[in-house]
Amino acid sequence: DYLEAAAAKSQAVYARLQRLRKGGLTAIGAPSRKARGSVPQLPYLAGTGPIAWRQMTSAIRSSKGLLIVMVILAIAIGPILFTSSTSKDPSGSVVGIMAWMTLFVGGWLRFDFRGDLDQIDHLKSLPVAGWAIAAGQIVTPTLLMTACHLGILASVMTVSRRADLLLVSAAALCLPFNWMLFGIENFIFLLFPTRAAANPADFQGYGRQILVFFV
């Protein structure tokens, strides 16, 4: 009985580590028994659409908790910064927080090459151009982060009842800004692929994160 219980526990721990290495901290919990949620089929667009659709569906089905946290951040951070700021114009602080969110929260949105390390050979075998595969992989985290940024800006504009030039410019530039940063991070990952740290003592993983952060 002990051997059977130990084997079952070891199998559960191994499965949890595999989910952690593939999806990061948001994939630690037990997977749902029945996959629910989907998105409408996207246009083909030279192969970009189906790849983006798969990542969007994976985000909805496996990381609903993360999506809820991002919605809460989008609703709460803006008004909190605006009301707690001592300056008369806290728009600069809001934009700065948005930029830093892409660097830190973006590490949780592994719906791109970083979460598809075991599928690289399959992706390379698809009859699709390389640029289409790369674009399709980056679409999902870029859109999620951009939606969070737009939610923050909308909440700030609602609370302040005004839309100055800085906030409007941030709304216009957040999509290319997020696209650039996720592209750089995925580019570094493809040059030096690695799995997410599976234990707190992985100093090599922390060192890599620091180097990527500097870049």
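Helices here are DSSP runs of H or I, at least four residues long, and they are numbered from the N terminus. The model is predicted.

Start with the overall fold. The protein chain has 8 helices and 0 strands. Read from the N terminus on, its elements run α-α-α-α-α-α-α-α. The chain has 215 residues, and buried residues make up 33% of them. Take the contacts between residues at least 6 apart in sequence: 74% of these join residues at least 24 apart. The accessible surface of the chain comes to about 13000 Å². Carbon and sulfur atoms hold 68% of that surface.

Now look at the outside. A nonpolar patch lies on the surface, formed by W100, L103, F104, I210, L211, F213 and F214. Together these residues have about 780 Å² of accessible area. Two elements give two or more residues each to the patch: α4, residues 91–105, and α8, residues 203–214. Of the elements, α8 gives the most, with 4 residues.

Is T102 buried or exposed? T102 is buried, because its relative accessible area of 3% is under the 20% cut-off. Which residues does T102 touch, not counting residues up to four places away in sequence? The contacts are M145, H149, F177, N178, L181 and F182.

Next, turn to α2, which covers residues 48–62 and holds Q55. The side chain of Q55 is polar in name, yet the residue is buried, with a relative accessible area of 4%. Leaving aside neighbours within four places in sequence, Q55 is in contact with F111, D112, D116, Q137 and T140. Two of those partners, D112 and D116, also take part in salt bridges.

The salt bridges come to 3 in count. One joins the side chains of D116 and R54, at 2.4 Å from N to O. D116 lies in the loop between α4 and α5 (120–125), and R54 in helix α2, so this pair ties together parts that are 62 residues apart in sequence. D116 counts as buried at 3% relative accessibility. R54, at 35%, counts as partly exposed.

Another salt bridge links D112 and R114, with the closest N and O atoms 2.8 Å apart. D112 is buried at 0% relative accessibility. R114 is buried too, at 4%. The side chains of R114 and E185 meet in a further salt bridge, at 3.0 Å from N to O. E185 counts as partly exposed, with 24% relative accessibility. Salt bridges that share partners join D112, R114 and E185 into one network.

Finally, consider the cysteines. A disulfide is a covalent bond between the sulfur atoms of two cysteines. How many disulfides does a search of the whole structure find? The search finds 0. C148 counts as buried at 3% relative accessibility. C174 is likewise buried, at 4%. Both values lie under the 20% cut-off, so both residues are classed as buried.

Definitions and conventions:
Residues numbered from 1 in each chain as written. Predicted model: local features only at pLDDT ≥ 70, side-chain atom pairs only at ≥ 80, totals over all residues. Heavy atoms only, no water. Patch = residues over 30% accessible without salt bridge, like charges linked within 9 Å, V, L, I, M, F, W, Y side chains within 5 Å. Areas by Shrake-Rupley, 256 points an atom, 1.4 Å probe, with all protein chains shown as cover. Salt bridge = Lys/Arg side-chain N within 4 Å of Asp/Glu carboxyl O. Buried < 20%, exposed > 50% of the residue type's maximum accessible area, 1.4 Å probe, protein only. Contact = heavy atoms within 4.5 Å. Disulfide = S-S within 2.5 Å.
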